[in-house]
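Biologist: I have some labels to check. Please set each value against its rule and then conclude.

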Amino acid sequence: MKLFYELVQIGIGTRCSFSSVPSSNDWTTLFAASQKQSLVGICFQGINLMYLNEPEMVVNLPGALKMKWMAMVVDIQRRNSLILERARELSRRFAEDGYRSTVLKGVGVSKYYPDPSLRQGGDIDLWVDAPRGELISYLRSKYKVGSVVVHHADVEIFPDVETEIHFWPSYTYNPFRWLRYRSFFDSCRVECFVRNGDGYCSPSLRFNSVYLMMHIFRHIYNEGIGLRQLLDYYYLLRKLSSSDRVWAMSTLRKMGLGKFTAAVMWVIRE
């Protein structure tokens, strides 16, 4: 995995070159790792930088694999354009029906990246500012609603993009921490439902500095965590002011996430 970590570092600009020239088999392993971690676009950016600055490092990259990698990046960029279009349309639909909403994670976080089109998107997570019962009734009157859990419902709205409609941005299994989460979400509503220049609302950088860490923490217990989530937080940190960092750390400690946040910071630094 050492070469893979180096390729990610090259792709984000914190490293200039590999420590050794990857073999053909190494490149196959690197490609598989980039797929597993949902970092195909970021890793390909690293390859492009190698071609420009250290071409001898990519002499063993098989041509067929390079073309396959490139084709996947194009698909990612097309997919991201579609998700962005659907996020705008979804926000517009809810606004027309009298509900304000904000896009969580995904497309809302990709704007922190130097090239947002390279971040691999998935579904659309939309937090709608409405009581849970009212929102469920509204959704069932208009769409096909699947699984409904404590913080969101799976709703079939588009045939080409999956959507989760959130009552709360996240949740936790600890009932006492859950009360703190809800209090935090309520206190940040004003800064979350603000329209940006992309045609939808997205949370503030300050809110995301706490919320994304909550999301990473939850994934430790459910579904697992990958490097894409950590890279999201890395790019958020690069834009976060010193005063907001202090505020975020203080808030996360109140949530009981101080030690976990310190561990994530160590991983990101490494």
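Biologist: Where is Asn 80 placed?

Modeller: Asn 80 lies in helix α4. A helix here is a DSSP run of H or I with at least four residues, a strand a run of E with at least two, both numbered from the N terminus. This is a predicted model: local features need pLDDT of at least 70, side-chain atom pairs count only at pLDDT 80 or more, and totals for chains, interfaces and linings use all residues. Residues are numbered from 1 along each chain as its sequence is written, and side-chain values use heavy atoms, with hydrogens and water left out.

Biologist: Why is Asn 80 called buried?

Modeller: Its relative accessible area is 14%. Buried means under 20%, exposed over 50%, partly exposed in between (1.4 Å probe, protein chains only). Therefore Asn 80 counts as buried. Other buried residues of α4 include Trp 69, Ile 76 and Phe 94.

Biologist: How far apart are Asn 80 and Val 107?

Modeller: They are 27 residues apart in sequence and 7.7 Å apart in space, C-alpha to C-alpha.

Biologist: What span does α4 reach, and what is expected?

Modeller: Helix α4 (residues 63–96) has 34 residues and reaches 50 Å from first C-alpha to last. The expected span is 1.5 Å times one less than the number of residues. That expectation is 50 Å, and α4 comes close to it. Gly 98 follows α4, with a positive phi near 90 degrees.

Biologist: What makes β4 and β5 a pair?

Modeller: Strands pair if DSSP finds at least two bridges between them. Four bridges join β4 (residues 152–156) to β5 (residues 163–166), and the two run antiparallel. Therefore they meet the rule. Ala 153 has Ile 165 as its bridge partner in β5.

Biologist: Why do β1 and β3 count as edges?

Modeller: The open sheet has five strands in the order β1-β2-β5-β4-β3, with mixed pairing. β1 (101–104) and β3 (144–148) each have a single partner strand, so one side of each lacks a neighbour in the sheet. β1 is joined by four bridges to β2 (residues 124–128), running antiparallel. Leu 104 stands opposite Asp 125 in β2.

Biologist: Which residues of β1 cover its faces?

Modeller: Ser 101 and Val 103 are buried on one side, Thr 102 and Leu 104 on the other. In a regular strand, side chains alternate between the two faces of the sheet.

Biologist: Is Tyr 221 buried or exposed?

Modeller: Its relative accessibility is 56%. That is over the 50% limit, so Tyr 221 counts as exposed. Tyr 221 sits in helix α9 (residues 205–221).
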